[in-house]
Amino acid sequence: TIPLLGREFHRAAASEHVPHIFHLTTIWAVPAPEAQGFAGRLLQGWELTSLTTWQNGFPFTVGSGVDNSLSAVGGDRADFIGTDLNQAKLSGQSHGEMVNQYFDTALFAVNPIGTFGNAGRNNLRGPSYFNTDLGIIKDTRITEDTRLQFRAEFFNLFNNVNFNNPGTTVGTPAYGRITSARDPRILQFTLKFMF
């Protein structure tokens, strides 16, 4: 017989849980000298904005990829065969090493027939995230009621590589490997006439 699972089996941090997030938002109206004519229009109306985010990665669950529980639910987890979950967390890796093996995959195995697997739900955490977006804005007054706004926006200004979670299913080609990342640096320019 297959054991019924209680709430404790599923108790864990939510898949969206991020325990530490640092946000820094800045807006700076660049001071400009009092000037008239073309010089005034060129030097006045500049503004810099930025948003920096630094946070933990998202949690993930190692799955077995088979229905050894014979439940037809598709939620079997792997068996953790180590002694301490901290053993599975690799540290001090280069980006290349992290991409090839984000966690110690040898510490997880396919669950035995008749079980759901003993690996906890969301017991490992993916790569952290760091990003800075920058905006440069120039407002130019044309008449008393109209102005022209130019915006240059740089998303992921430093072109930092922010990896997604690794493959989490035992035995698949992507198991333990990182195969995707979030967007690289993106530039966007806008010209807006306001009246």
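Is Ser91 buried or exposed? At 67% relative accessibility, Ser91 counts as exposed, where exposed means over 50% relative accessible area, buried means under 20%, and partly exposed is in between (1.4 Å probe, protein chains only). Ser91 belongs to the loop between β4 (79-80) and α3. Its C-alpha atom is separated by 8.9 Å from that of Phe103, and the two residues are 12 residues apart along the chain.

The model is predicted, and local features need pLDDT of at least 70, side-chain atom pairs count only at pLDDT 80 or more, and totals for chains, interfaces and linings use all residues. Residues are numbered from 1 along each chain as its sequence is written, and side-chain values use heavy atoms, with hydrogens and water left out.

## The nonpolar patch

A nonpolar patch on the surface is formed by Ile142, Leu148, Phe150, Leu187, Phe189, Leu191, Phe193 and Phe195. Together these residues have about 850 Å² of accessible area, as given by the Shrake-Rupley method with a 1.4 Å probe, in which only the protein chains shown count as cover for residues. Patches are made of residues with over 30% relative accessible area and no salt bridge; nonpolar side chains (Val, Leu, Ile, Met, Phe, Trp, Tyr) are joined within 5 Å, and like charges within 9 Å.

Two strands, β8 (147-155) and β9 (186-194), each supply at least two residues of the patch. Strand β9 gives the most, with four residues. Helices (H or I, at least four residues) and strands (E, at least two) are DSSP runs, numbered from the N terminus. Leu187 is a residue of strand β9, and it counts as partly exposed because its relative accessibility is 43%. Ile186 also has its place in strand β9 and is partly exposed, with a relative accessible area of 38%. The C-alpha atoms of Ile186 and Leu157 are separated by 7.8 Å, although these residues are 29 residues apart along the chain.

## The largest pocket

Rolling a probe the size of a water molecule over the atoms shows where empty space is left. The largest pocket has a volume of about 330 Å³. On a 1 Å grid over the protein atoms alone, a pocket is an open set of points with protein on both sides within 12 Å along at least five of seven lines, whereas a cavity is a set of points where a 1.4 Å probe fits but cannot get out; lining residues have an atom within 4 Å of a point. Grid points are joined across faces, edges and corners, and the volume is the space filled by probe spheres set on the points.

The lining of the largest pocket comprises 22 residues, and Met98, Tyr102, Arg125, Pro127 and Ser128 lie nearest its centre. These lining residues divide into 13 nonpolar, seven polar and two charged. Here Ala, Val, Leu, Ile, Met, Phe, Trp, Tyr, Cys and Pro count as nonpolar, Asp, Glu, Lys and Arg as charged, and the others, Gly among them, as polar. At least two lining residues come from each of α3 (95-100), β6 (124-125) and β7 (129-141).

Met98 lies in helix α3 and counts as buried because its relative accessibility is 17%. The C-alpha atoms of Met98 and Pro127 are separated by 9.2 Å, and the residues are 29 residues apart along the chain.

## Salt bridges

Side chains of opposite charge can pair when their charged atoms come close. A search of the whole structure finds two salt bridges, a salt bridge being a side-chain nitrogen of Lys or Arg within 4 Å of a carboxyl oxygen of Asp or Glu.

| Asp139 | Arg147 | 2.9 Å |

In the pair of Asp139 and Arg147, Asp139 is partly exposed at 24%, and Arg147 is partly exposed at 29%. In the other pair, Glu153 is buried, with a relative accessible area of 15%, whereas Arg151 is partly exposed at 23%.

## Residues with positive phi

Most residues other than glycine have a negative phi, and most peptide bonds are trans. Ala72 has a positive phi, near 60°, and is placed in the loop between β3 (59-60) and β4. Ala72 counts as exposed, at 70% relative accessibility. Asn156 is not a glycine either, and its phi is positive at about 55°. Asn156 occurs in the loop between β8 and β9 and counts as buried, at 4% relative accessibility.
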